[in-house]
Amino acid sequence: MGELQKNTRFEHLLRLADTNLILGHRMSEWIGKSPILEEELALTNIGLDLIGQARALYEHAVAVSGEEDKRDADDLVFLRDAPEYKNLLLVERENGDFAHTMVRQMFYSAFAVPVWEALTRSVDSEVAGIAGRAEKESLYHLRHASEWILRMGDGTEESHQRVQDAVDALWMYTGEMFDMDEVETAAFEAGHGVDLTAVRSEWEKTVREVLTAATLDYPDDCWMLKGGRTGKHTEHLGHLLSDMQFLQRAYPGQKW
């Protein structure tokens with residue numbers, strides 16, 4: 001395997017893993033704060049699904065890089081600074097109220113489902129296996145978030161306004177998901193990535209159906225913020241990492 005191809009595969013895997021890890025961590029922040037007990041369990045399980053997907057991807061990324069003797073999956077999670085993370089900006093956004101969390105989850109899950117489905121046909125058998133499991137989990141995540149958006153959008157005047165505000169506030173972070181830059185293009189051409197431009201139409205169809213059923217307005221086109229995949233993040237990621245990485249940074253090399 002050429003050095004360029006190896007680097008592209010590693011970068012592509014990091015993008016997938018980082019996005020799932022950060023969103024999984026955000027969901028874990030609802031523990032002890034969820035509106036009802038059943039939702040506490042549901043959000044915990046969604047977070048665990050996402051972190052499990054991330055762990056499998058990190059372990060494979062280390063193997064692809066050939067650096068097993070230098071670092072492991074924990075190093076990738078706990079010993080990188082914010083500019084080294086490659087996650088989508090959408091998932092690092094703070095939880096906000098429950099409406100913001102559900103809209104963020106719906107936006108991402110509507111994207112994740114077709115991405116994982118496409119990756120089940122990856123030439124990388126390890127990625128294809130991870131994708132097969134992740135697609136099933138993401139379908140549940142999408143259904144769960146969509147049902148809550150329907151309840152809130154078609155509920156009270158206040159719940160409707162809160163979920164519409166969340167849609168409008170988060171919309172500018174959705175365009176980044178479909179950006180085919182050099183890494184995404186190279187990964188797709190090599191057979192272990194996805195044509196994100198093709199994913200966009202399915203995402204838009206899913207999101208429009210959910211918003212329409214919930215009596216919510218589908219936002220107009222607007223300027224889209226991007227940069228997460230190349231290490232340009234909002235201030236929110238740094239605060240998240242300071243919490244998530246505290247123990248490993250305070251006690252280097254310790255194992256739990």
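Q: Thr215: buried, exposed or partly exposed?
A: Thr215 has 43% relative accessibility, so it counts as partly exposed (buried is under 20% relative accessible area, exposed over 50%, partly exposed in between, with a 1.4 Å probe and protein chains only). This is a predicted model, where local features need pLDDT of at least 70, side-chain atom pairs count only at pLDDT 80 or more, and totals for chains, interfaces and linings use all residues. Residues are numbered from 1 along each chain as its sequence is written, and side-chain values use heavy atoms, with hydrogens and water left out.

Q: Where does Thr215 lie?
A: In the loop between α9 (196-213) and α10 (235-244); helices are DSSP runs of H or I, at least four residues, numbered from the N terminus.

Q: What about its phi?
A: Phi of Thr215 is near 60°, which is positive although the residue is not glycine.

Q: Switching to helices: at what angle do α2 and α6 cross?
A: At roughly 155°, and the axes of α2 (37-65) and α6 (125-153) come within 11 Å. α2 is therefore roughly antiparallel to α6 (over 145 degrees, with angles from 0 to 180 between N-to-C directions).

Q: Which residues of α2 meet α6?
A: Among them are Leu43, Ile46, Asp49 and His60, and the α6 side includes Ile130, Tyr140 and Trp148. Contact means heavy atoms within 4.5 Å.

Q: And how do α2 and α5 pack?
A: At an angle of about 40°, with their axes 14 Å apart. The contact includes Leu50 and Leu57 of α2 and Phe98 and Trp116 of α5.

Terms used: Helix = DSSP H or I, 4+ residues; strand = E, 2+ residues; numbered from the N terminus. Parallel < 35°, antiparallel > 145°, perpendicular 65-115°, else oblique.
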